Amino acid sequence: MAIQKWPDGLPRSGNQIFDTLKSEDNWFEIFQINESTFAFLEPHHDEEVFSYLLLGGNRAALIDTGMGVSNIRIEVENITHLPVIVLNTHTHFDHTGGNFRFNNIACFDDNFEIKNLNKGHSKQFCRAFMQPGSYQNLPSDFKPDEYNIQPSKITRKLKHLDKIDIGDRVLIVHHTPGHSPGSVCIEDKKHGLLFTGDTYYRGTLFLHLPGSNYGKFVESCDYLLSILDNIEALCPGHNECYAPKDDIVLLHKTINDITHDQIEFEIDSGSKFFQCDHFNLRLPVT
Ligand SMILES: [Zn+2]
């Protein structure tokens, strides 16, 4: 089944199983995944990006901060007054836009990711993602022409298998390069959730971007398969906030088929485009 594009594919079935919470200005749609886990969708932009708030006993973790179009901190503070640590799954603009509103920011210890956070993303760079037709219902005080991502101050550099204890809830960092060099998946041991960022979501996976590395992505898929016994379900970075863990098995098989030339592709917009069941892949033309 082909994936329906934004906005025709809305609302997406993977989100409809959850209760929603009221959002401050309707830019966000907030889903409650369990008693202490919340997903913030930005449904009015074609990125359909997700950020996740995880409440612990003495701290909260915010996995990514979205596009920065609206104030995600207000939404977080409507749910909790615990101190917040931001954990970036990687540092593309659509996952780091709200970073500047927080004081504690962690990303993987990789030069590509560190540079992105130190510099932010310029107006010139961000212009391509704020074209008419890529959004609707912007907040009234938001100016698309001025859109940029502010720099953020890194307070912790993460390593593979680092543990972050937010109080009776331990999060484990899994380095899964491929989409970007310092991409991570974050495991919530208590609930068996794996927050996959842009390493996996139901949609088109981008492995052709500056900083992407398909060889590393193949290794990361092997690695994810090896830890899958510990996981109950996936919470991806775009489109739908919940996916069965078997999607990783399917992804692994697809990658294997691509390696053995078993799947046809087309060249589209300068990349190899593979269409699969729950996801598509864009690889560089080599
Ligand atoms: Zn990304």
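Five bridges join strand 3 to strand 4 (residues 50–55), and the two strands run antiparallel. Pairing here requires that DSSP finds at least two bridges between two strands. Strands (E, at least two residues) and helices (H or I, at least four) are DSSP runs, numbered from the N terminus. The structure is a predicted model, in which local features need pLDDT of at least 70 and side-chain atom pairs count only at pLDDT 80 or more, while totals for chains, interfaces and linings use all residues. Residues are numbered from 1 along each chain as its sequence is written.

Strand 2 and strand 3 form a hairpin, with two residues between them.

Strand 3 (residues 37–41) is mostly covered, five of its five residues being buried. A residue is buried if 20 or more other C-beta atoms lie within 10 Å of its own, exposed if 12 or fewer, and partly exposed in between, with C-beta atoms placed from the backbone. Thr37, Ala39 and Leu41 point one way from the strand and Phe38 and Phe40 the other way, and all are buried.

The loop between strand 3 and strand 4 holds Val49. Val49 is buried because 24 other C-beta atoms lie within 10 Å. Leaving aside neighbours within four places in sequence, Val49 is in contact with Glu42, Gly66, Met67, Asp94, His95, Gly237 and His238. Contact is taken as C-beta atoms, placed from the backbone, lying within 7 Å. Val49 and Leu193 are 144 residues apart in sequence and 18 Å apart in space, C-alpha to C-alpha.

**Nonpolar cores**

In soluble globular proteins, nonpolar side chains tend to be buried together. A nonpolar core is a set of buried Ala, Val, Leu, Ile, Met, Phe, Trp, Tyr and Cys residues joined through C-beta atoms within 7 Å. The largest one in this model has 58 residues, and those with the most contacts inside it are Ala39, Tyr52, Ala61 and Cys235. Not counting residues up to four places away in sequence, Ala61 touches Leu54, Gly56, Ile85, Leu87, Ile164, Ile166 and Leu171. Another core lies apart from the largest one and has six residues, among them Cys126, Met130, Tyr135 and Ile149.

An open sheet of six strands has the order 9-10-11-12-14-15, with mixed pairing. Strand 9 (163–165) and strand 15 (243–244) stand at the edges with a single partner strand each, so one side of each is left without a neighbour in the sheet. Strand 15 pairs with strand 14 (residues 233–236) in the antiparallel sense over two bridges. In this pair, Leu234 stands opposite Ala243 of strand 15.

**Helix 6 and helix 7**

The axes of helix 6 (residues 214–226) and helix 7 (residues 246–259) come within 9 Å and cross at roughly 145 degrees. Such axes are lines fitted to C-alpha atoms, for helices over the stretch in contact, and angles run from 0 to 180 degrees between N-to-C directions. Helix 6 contributes Val218, Cys221, Leu224 and Leu225 to the contact, and helix 7 contributes Ile248, Val249, Leu251, His252, Ile255 and Thr259. The residues of this contact divide into eight nonpolar, two polar and no charged. Ala, Val, Leu, Ile, Met, Phe, Trp, Tyr, Cys and Pro count as nonpolar, Asp, Glu, Lys and Arg as charged, and the others, Gly among them, as polar.

**Backbone geometry**

| Residue or bond | Feature | Value |
|---|---|---|
| Trp6 to Pro7 | cis peptide bond | omega near -5 degrees |
| Leu10 to Pro11 | cis peptide bond | omega near -10 degrees |
| Ser269 | positive phi, not a glycine | near 50 degrees |

Pro7 is placed in the segment before helix 1 (13–16), and Pro11 is found in the segment before helix 1. Asp64 lies in the loop between strand 5 (60–63) and helix 2 (72–79). Asp64 counts as buried because it has 29 C-beta neighbours inside 10 Å. Ser269 is found in the loop between strand 16 (266–268) and strand 17 (271–275). With 7 C-beta neighbours inside 10 Å, Ser269 counts as exposed.

Technical notes
Contact = placed C-beta atoms within 7 Å.
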